[in-house]
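User: I would like to learn how to read the features of a model like this one, step by step. Could we start with how strands pair?

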Amino acid sequence: MNEITESRKPPVATTGILGWLRMNLFSNWINSLVSLFVLYILIQFIPWILNWTIFAADFKYNFNGVEITDRTMCSRVLDPENGGACWAIIYVRFYQFMYGFYPRDEVWRVNLSYIMLAVAVVPLLFDKFPFRKHFLKFTYVFPVIAFFLLNGGLGLEPVSTNKWGGLLVTLVLGCTGIALAFPLGIVLALGRRSNLPVISMMCTLFIEFIRGVPLITLLFFGMVMLPLFLPEGVNMDGLARVLVAVTLFQSAYMAEVIRGGLQAIPQGQYEAARSIGLSYWQMNMKIVLPQAIRISIPSIVNTSIGLFKDTTLVIIVGLLDLLGIGRGALADTTWLGLAYEVYFFVSLVFFIFTFAMSRYSLYLEKKLKTGINMGAD
Amino acid sequence: MKKLLSILAVSVFAFAANAGTLDDVKNRGFLKCGVTTGLAGFAAPDDSGEWAGLDADMCRAVAVAVFGDRSKVEFITTTGKSRFPTLASGEVDMLARNTTWTISRDVNLGFEFVGVNFYDGQGFMIPSSLGVSSATELDGATVCIQTGTTTELNLADFFRLNGISYEALPIETNDEGKENLFAGRCDVYTTDASGLSSTRAAAADPSKWLVLPEIISKEPLGPLVRHGDHQWGDVVRWSLNAMIIAEELGITSENVDASLSSNVPEVLRLLGVEGSYGEMLELAPDWAYQILKQIGNYSESYEANVGPDTPLEIARGLNALWTQGGILYAPPFR
């Protein structure tokens, strides 16, 4: 009779936290050294940054409990040895960072647009959202509503785009650029691979030209050259000009990203689609593009994040986006010299948005790889 | 849909009439004034989002002259590169953007500088521990200098003229110069004096830094308009002059009401009690009175924005009245 041997537990060193540490951080002497080095840096750095940004920092009041209204009242100016960040500059100018110079009486319109943006975008992003179909109808009309809400007209007091600024400009540029460039990019990518020589040549020329010049050049072109081509007395809105430049730029990049996806689709897919009698558009919409776009998701998100950050270049043409407002704050004699706080805050806001975008792309990749539905709806 | 498109078109494209600028401004109901994206003391948004500074006051003065209301102005931010096309295309009615008056800008670019609201010039900033009180004592110093600018050439000229030597540390931006000087990598930082002052004010302890008295170049900064519209140019020119003349006559925002019953003829002419100077400019008779009431005279604007009591601590120097050792001078008001 065989005795049942009790199954032995695995060695302590390969399971649990200890095992994980050993496997991942201390598997050989080089890894151990690197781990210790990184740990040392973190121990040095994290307490310092926490102290500077939170524990020793001023938010609204300085260490004497006085409300801060200019830089000389900041703890770090009064006591350079112990004072941390002086967030009062952000606190006092928060409105400007968020809305620029948008009139305070009208700011509900911006807030309403933000809420509606969330209502329009969230159902688009998550396909399990209840009543998604009805929400998507709203998504299509949202740009028109937002345009009138932000810009005025139809009974609302007009607010010139010169008064827009801060996060508002960053979001308008980022969202519009990304949203318009996506369909344009698809058309350009298909056009470039088209068998019709004129179309493919035009698309190639457009893509190569736009990709061949830096975004700054395009912005300058939109800002400086475009007015010279327009008939005398006609002025195109500054923000609209920049939007055109940003969208064209982004669509060229998007086209190349999607073309990469298209090329990865095996020829058999095209042939199979043709053989069951699908037209060119049916083939692309139902068979090819859903697969191609799925493959390109990381790159699409990558270029979108790139664009979102590139919007800071608009300061060069005189538009005050989030970073521009920050620089403006630093030029105010009341706050001169608080550069660390301003740049830290601006980076943080950008990080929140770009990190959310990259997490969403990961979620999408996971979902599409396991799901049967490949995104064709 | 068609209606929607036309509304879109109208709101995206603004059609400007081809009348004179003054009429355009009056019809529009507000002035469009080009300023910097933010320069300490000259134009920067304050905490409530109002633009403040010497240049911002210049814009407001013109708005007051035309409308009698300091809020009837829209500030349009421009950069060093976008400012001229913005003015040329008519997107702004005037620029007050610390722009140096040079012959090529005045003549070749087709603009009209209407006056000078700040006489700037290249200066030197050093740590006070260096124990130097004049730029001529800077023999052998390491100088932080922005490459490819006129300041570089001015510097070389100045040191050659004085027979002293220096070592240049080339930098690209103002921030870089600031960091290098604060870190002690160079002994001297040189750029325009107003820029030096804001650099100094941004230091952790401004008293440790010194701006030397020598100014080695001419940088007259002033408001400008498009060439050819002399009526509009006159309005901007005399808005500035009115502020300078008022300082000369001792009229301030506080005593302007009392000055209405003054017995000095030029005061009465300026404030519109006598004569029809407002009419000549196609402005209200009390246009200058309103400027002084709502903005103040040149000295008040200077002291509030860049003067010795502000963090910038720029002494009047060249910007003092001609009667007080400066070169600020406005033609007579008659």
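User: Which residue is the bridge partner of Leu31(B) in S5(B)?

Analyst: Strands of a sheet pair through backbone hydrogen bonds, either parallel or antiparallel. Two strands count as paired if DSSP finds at least two bridges between them, and the strands themselves are DSSP runs of E with at least two residues, while helices are runs of H or I with at least four residues, both numbered from the N terminus. In this predicted model, the partner of Leu31(B) in S5(B) is Val73(B). Five bridges join strand S2 (residues 31-35) of chain B to S5(B), and the two run parallel.

User: How should I read the numbering and the limits of the prediction?

Analyst: Residues are numbered from 1 along each chain as its sequence is written, and chains are lettered from A and ligands numbered from 1 in the order in which they are written. Because this is a predicted model, local features need pLDDT of at least 70 and side-chain atom pairs count only at pLDDT 80 or more, whereas totals for chains, interfaces and linings use all residues.

User: What is the mean pLDDT of chain B?

Analyst: The pLDDT is the predictor's confidence in each residue, from 0 to 100. For chain B the mean is 88, and 94% of its residues reach 70 or more. Over residues 7-18 of chain B, however, the pLDDT is below 50, although this stretch has 19 contacts in the model beyond near neighbours in sequence; a contact here requires that the C-beta atoms of two residues, placed from the backbone, lie within 7 Å. Where pLDDT is low, the predicted coordinates should not be read in detail. The model as a whole scores ipTM 0.82 and pTM 0.85.

User: Why is S5(B) described as largely enclosed?

Analyst: Burial is judged by counting neighbours: a residue is buried if 20 or more other C-beta atoms lie within 10 Å of its own, exposed if 12 or fewer, and partly exposed in between, with C-beta atoms placed from the backbone. Four of the five residues of S5(B) are buried, so the rest of the structure largely encloses this strand. Of the 334 residues of chain B, 47% count as buried.

User: What is the strand order in the open sheet of five strands?

Analyst: In chain B the order is S11-S10-S12-S9-S13, with mixed pairing. Strand S11 (166-171) and strand S13 (209-211) of chain B are the edge strands, each pairing on one side only. Within this sheet, neighbouring strands are turned by 30° against each other on average, direction ignored. Four bridges join strand S9 (residues 122-127) to strand S12 (residues 188-192) of chain B, which run antiparallel, and Phe124(B) has Thr190(B) as its bridge partner in S12(B).

User: How many residues does each chain give to the contact between chain A and chain B?

Analyst: Chain B gives 36 residues and chain A gives 33 residues. Among the elements that give two or more residues to the side of chain B that touches chain A are strand S5 (73-77) and helix H8 (193-201) of chain B. By class, that side has 18 nonpolar, 14 polar and four charged residues, where Ala, Val, Leu, Ile, Met, Phe, Trp, Tyr, Cys and Pro count as nonpolar, Asp, Glu, Lys and Arg as charged, and the others, Gly among them, as polar.

User: Is Val301(A) buried or exposed?

Analyst: Val301(A) is buried, with 21 other C-beta atoms within 10 Å. This residue lies in helix H13 (residues 280-310) of chain A, and, not counting residues up to four places away in sequence, Val301(A) touches Met357(A), Ser358(A) and Ser361(A).

Technical notes
Axes fitted to C-alpha atoms, helices over the stretch in contact; angles between N-to-C directions.
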